[in-house]
Amino acid sequence: ASVPQTNSIVLDEMFDTALAKKIFWVGEFIQIFPNEGKEDEIYDSIKSKLPAQAKIYRKSEIPARYRFRDNRRIAPILVLPDEGWILTTRARYEKMKTDGRLETVRGSHGYDNQLESMRALFIGHGNAFKKGFVAEPFQNTEVYNLMCEILGLKGAQNDGNFENIKEVLK
């Protein structure tokens, strides 16, 4: 997705970052691991200041379709901006301003996976695939089972379903 750097949300000014033991700053996807007993304080502070162009979730509130709310690697607090926006720190924002990068537009990914701009291109070529076939969009979680089928392997338990993609094969 195209992201004008002026579409920055300075998140570290919305809560006391010292209340977190770890923060993963990605830009399109911020994970906050609060210090013991500080989750509510961080969540409430951000929620009260967050602009309409972003959403905050407790881990248990993350939409199920993202398929990672039960993963141990996902933080108790997640902040996700809308497509075309980034989350940043004041220091990074000022550096972009000083470097003259605020006026640039960059490409970005990691937004809601239902957005058309977040789709990937899949090209299947070879004897296993139908020639000239154009499939309806599918989730990338289906590719693992497709590859296992082509290679004659028994796949491990996963989130995909071969029935959803088998039509691409001869």
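Predicted model: local features only at pLDDT ≥ 70, side-chain atom pairs only at ≥ 80, totals over all residues.

Strands, as the word is used here, are DSSP runs of E with at least two residues, and they are numbered from the N terminus. With that in mind, β5 (54–58) and β6 (77–81) each supply at least two residues of the lining of the second largest pocket.

**The largest pocket**
- The largest pocket has a volume of about 1,100 Å³, and its lining is made up of 31 residues.
- Among these lining residues, R119, A120, F138, Q139 and N140 are the ones that lie nearest the centre of the pocket.
- Sorted by class, the lining of the largest pocket holds 18 nonpolar residues, together with eight polar and five charged ones.

**The second largest pocket**
- The second largest pocket has a volume of about 150 Å³, and of the 14 residues that line it, K55, Y66, P81, D82 and D112 are the closest to its centre.
- The lining of this second largest pocket divides by class into seven nonpolar residues, one polar residue and six charged residues.

**A nonpolar patch on the surface**
- On the surface, F122, M147, I150, L151 and L153 form a nonpolar patch, and together they have about 440 Å² of accessible area.
- One member of the patch, L151, belongs to helix α3, which covers residues 143–151.
- L151 counts as exposed because its relative accessibility is 59%, and the cut-off for exposed is over 50%.

Technical notes:
Residues numbered from 1 in each chain as written. Heavy atoms only, no water. Patch = residues over 30% accessible without salt bridge, like charges linked within 9 Å, V, L, I, M, F, W, Y side chains within 5 Å. Areas by Shrake-Rupley, 256 points an atom, 1.4 Å probe, with all protein chains shown as cover. Salt bridge = Lys/Arg side-chain N within 4 Å of Asp/Glu carboxyl O. Helix = DSSP H or I, 4+ residues; strand = E, 2+ residues; numbered from the N terminus. Buried < 20%, exposed > 50% of the residue type's maximum accessible area, 1.4 Å probe, protein only. 1 Å grid on protein atoms, 1.4 Å probe; cavity = no way out; pocket = protein on both sides within 12 Å on 5 of 7 lines; lining within 4 Å. Points joined across faces, edges and corners; volume = space filled by probe spheres on them. Nonpolar A, V, L, I, M, F, W, Y, C, P; charged D, E, K, R; others polar.
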